[in-house]
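Biologist: Please take me closely through one part of this model. Go step by step, and give the cut-off for each term as you use it.

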Amino acid sequence: MSDLRDLYQELILDHTKHPRNFGKVEGATSQADGHNPLCGDRVRVFLRIENDVVTGISFEGSGCAISTASASMMTEGLKGKNIAEVRKLFHQFHELLTNDSGRLPDLDALGKLAVFSGVKEFPVRVKCATLAWHTMNAALDHQEQQVSTE
Ligand code: ZN
């Protein structure tokens, strides 16, 4: 567990200093805005979905270290996944941070994202860590609404 904690601090620092996929991805097909008033975090997530696959994902915004690092790592983790896989990862990540039933989510599937498991001990921070994910999920909903009206 202490290894995971070291890795957590290392990754948070790295992604806060050098956010990945920051800015608007070219050819975005959907986007959504998220706001966490508790902390003041704001994020906008862009998705480019082609044939059911996330071929591009990026984010903009400003917030605390955890919200920025979480958004950055999310974009890395979701690129190239299909929509079903993205939805599944969203649920697994959410479960990792909120589940208190003692049932562990699939850490292998989460990969590096598993380092956020420690955030569960700080309920106020959970909203920071999940903001980008909820926003991404909303962007996915927008996308599917657009598709279904065609
Ligand atoms: Zn925050």
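Modeller: Tyr-8 is buried, at 17% relative accessibility. Buried means under 20% relative accessible area, exposed means over 50%, and partly exposed is in between (1.4 Å probe, protein chains only). Tyr-8 sits in helix α1, which covers residues 2–17. Helices (H or I, at least four residues) and strands (E, at least two) are DSSP runs, numbered from the N terminus. This is a predicted model, in which residues are numbered from 1 along each chain as its sequence is written, and side-chain values use heavy atoms, without hydrogens and water. Local features need pLDDT of at least 70, side-chain atom pairs count only at pLDDT 80 or more, and totals for chains, interfaces and linings use all residues.

What does Tyr-8 touch? Leaving aside residues up to four places away in sequence, Tyr-8 touches Ile-66, Val-115, Phe-116 and Val-119. A contact means heavy atoms within 4.5 Å. Tyr-8 and Ser-117 are 109 residues apart along the chain, yet 9.1 Å separates their C-alpha atoms.

Three strands make an open sheet, ordered β1-β2-β3, with antiparallel pairing. Two strands pair if DSSP finds at least two bridges between them. The edges belong to β1 (30–36) and β3 (53–62). Each edge strand has a single partner, so one of its sides is left without a neighbour in the sheet. Neighbouring strands of this sheet are turned by 20 degrees against each other on average, ignoring direction. Axes are lines fitted to C-alpha atoms, for helices over the stretch in contact, and angles run from 0 to 180 degrees between N-to-C directions.

Now follow the two pairings. β1 and β2 are antiparallel over seven bridges. Here Asn-36 has Asp-41 of β2 as its bridge partner. The hairpin of β1 and β2 has four residues between the strands. In that hairpin, Gly-40 takes a positive phi near 90 degrees.

β2 and β3 are also antiparallel, over nine bridges. Leu-47 has Ile-57 of β3 as its bridge partner. Ile-49 stands opposite Val-54 in β3, and Phe-46 stands opposite Ser-58 in β3. The hairpin of β2 and β3 has two residues between the strands. Asn-51 of that hairpin takes a positive phi near 50 degrees. How much of β2 is covered? β2 is mostly covered, with seven of its 10 residues buried.

Asp-41 brings us to the zinc ion. Its protein donors are Cys-39 (SG), Asp-41 (OD), Asp-41 (OD), Cys-64 (SG) and Cys-128 (SG), at 2.2 to 2.7 Å. Donors are N, O and S atoms within 2.8 Å of the metal (3.2 Å for Na, K and Ca), and sites may look incomplete because water is not among the atoms. Along the chain, the donors have the spacing C-x1-D-x22-C-x63-C. Asp-41 lies in strand β2 (residues 41–50) and Cys-128 in helix α5 (residues 123–148), so this pair ties together parts that are 87 residues apart in sequence. Asp-41 is buried, at 0% relative accessible area. Cys-128 is buried too, at 0%. Cys-39 is partly exposed, at 33%. A disulfide is a pair of cysteine sulfur atoms within 2.5 Å. The count by that rule is zero disulfides.

Stay in helix α5 for a last stop. Thr-130 lies there. Thr-130 is buried, with a relative accessible area of 6%. Leaving out residues up to four places away in sequence, Thr-130 touches Phe-93, His-94 and Leu-97.
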